[in-house]
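Colleague: I'd like to learn how to read a protein model, one feature at a time. Could you walk me through this one?

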Amino acid sequence: MEWSASRRARCILSVTGGPSRRVGSHGVWIGRDRDCDVVGDDPHLSRRHALVRVTQTSAEILPLGRQAVKVNGKDYDRPQELHHGDKIELPGLELSVELSTSGNDPEPMFRLTRDQGGSFGVTHSPFVVGGDSSDDLIIKKWPAHALTLHIAQGELFVDVAKGKALRNGDPIPTKTLEPLMPGDHLEYRNERFMISQTALDVPPTQVTERTELPTRVSIEVLPRGGRVVFTLKGGEHAVFLHDRRLDLIVALLKPPEGYRAGDYIPDEVVTSIVWPRKAGASREDINVLIARCRRDLVEAGLAGPRLVQRAPTGGATRFALAPNAEITSR
């Protein structure tokens, strides 16, 4: 068993022959609109042409305009990972990508204590456990990237990519986000780890009671999706959601008459908004969409499984909000 550290990504975009712009938590918007972060005047440039955002380990560009974006001379109309030294070409604009990693990892918030000896800090998010040399915690004979641990809003979640994993003896569904609490036991193959928390701002009572809920949500609809900014006491979290994932958030936060944001919205109402031309969308369709949306939120530092909640008996979904939360859209 080996441990390897990784660093968080830092991205700077430099305009050829001009200034540079750091990519912050909200990303960098590029387009003809005057409220974009990088503005161009070429008439072939869309109002919101592209978004560059930092991921946990790298950066990516999301094409939003009518035309594809060029990266190193190749056209892309889908999200594309960026690397140091890449050249982004847009109508009237050329940007170079400077990608580096942060300095030292912070002190671990969570630890994995192995039954057979050894304790390993979860120092960053995502934290990958598997048998590949690029994984953060390397366990020989495990599949590559078997488990991914995410830290969001001071909570720990596990995503099982393949194989059978157990939480306190109960199976964890694959490709979902399962909360892990201090004292839980996580089992995979012939290994068992106990979860402990090493940096608590409040006493370790029920984790669900400590999850901070948004006081304000701003929704901006864009081509191929939109940006949602969640305001909490600790600051803002911005996330870009593609197509139906944004539709799901709109259905929950801007529901039709008779429902309010924060209510459980029945599946038939959600499906009529998300799939208006698809008759009889199944519960499995909704569950898959919820899982993807939760993952996007977690990657933005939000406790997605705590925020997007299914009714205990199924059949309805809600987005958990602070009392009197403000919802705006444009």
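Modeller: Contact means heavy atoms within 4.5 Å of each other. Helices (H or I, at least four residues) and strands (E, at least two) are DSSP runs, numbered from the N terminus. This is a predicted model: local features need pLDDT of at least 70, side-chain atom pairs count only at pLDDT 80 or more, and totals for chains, interfaces and linings use all residues. Residues are numbered from 1 along each chain as its sequence is written, while side-chain values use heavy atoms, with hydrogens and water left out.

Colleague: What is the mean pLDDT of the protein?

Modeller: First the idea: pLDDT is the predictor's confidence in each residue, on a scale from 0 to 100. Here the mean is 87, and 92% of the residues reach 70 or more.

Colleague: Where does pLDDT stay under 50?

Modeller: Over residues 200-208, a stretch with 10 contacts beyond four places in sequence. Where pLDDT is low, the predicted coordinates should not be read in detail.

Colleague: Let's do burial. Which residues of α3 are buried?

Modeller: Buried means under 20% relative accessible area, exposed means over 50%, and partly exposed is in between (1.4 Å probe, protein chains only). In α3, Asp267, Val269, Val270, Thr271 and Val274 are buried. The elements covering them include α2, β27 (265-266), α4 (283-299), β28 (308-310) and β29 (316-319).

Colleague: How do I describe two helices that pack together?

Modeller: Under 35 degrees counts as roughly parallel, over 145 as roughly antiparallel, 65 to 115 as roughly perpendicular, and the rest as oblique. Take α2 (residues 243-253) and α3 (residues 267-274): their axes lie 9 Å apart, at an angle of about 135 degrees. That's why α2 is oblique to α3.

Colleague: Which residues in α2 and α3 meet?

Modeller: From α2 come Arg244, Asp247, Leu248, Ala251 and Leu252, which meet Val270, Ile273 and Val274 of α3. By class, that contact has 6 nonpolar, no polar and 2 charged residues. For the classes, Ala, Val, Leu, Ile, Met, Phe, Trp, Tyr, Cys and Pro count as nonpolar, Asp, Glu, Lys and Arg as charged, and the others, Gly among them, as polar.

Colleague: How do α2 and α4 cross?

Modeller: Their axes come within 10 Å and cross at roughly 90 degrees. That makes α2 roughly perpendicular to α4. Arg244, Arg245, Leu248 and Ile249 in α2 meet Leu289, Ile290, Arg292, Cys293 and Asp296 in α4. This contact divides into 5 nonpolar, no polar and 4 charged residues.

Colleague: Now single residues. Is glycine 31 buried or exposed?

Modeller: Buried, because its relative accessibility is 0%. Glycine 31 sits in strand β4 (residues 28-31). Beyond four places in sequence, the residues it touches include Cys36, Val38, Leu45 and His49.

Colleague: Is lysine 164 buried or exposed?

Modeller: Lysine 164 counts as exposed because its relative accessibility is 60%. It lies in the loop between β18 (155-160) and β19 (165-167). Leaving aside neighbours within four places in sequence, lysine 164 is in contact with Glu187, Tyr188 and Arg189.

Colleague: What should I look for in the backbone?

Modeller: Most residues other than glycine have a negative phi, and most peptide bonds are trans. Asparagine 72, though, has a positive phi near 55 degrees; it is found in the loop between β8 (69-71) and β9 (74-76). Glutamine 153 also has a positive phi, about 55 degrees.

Colleague: Which residues does a cis peptide bond join?

Modeller: Serine 125 and proline 126, with omega about 0 degrees. Proline 126 is in the loop between β14 (119-122) and β15 (127-130).

Technical notes: Axes fitted to C-alpha atoms, helices over the stretch in contact; angles between N-to-C directions.
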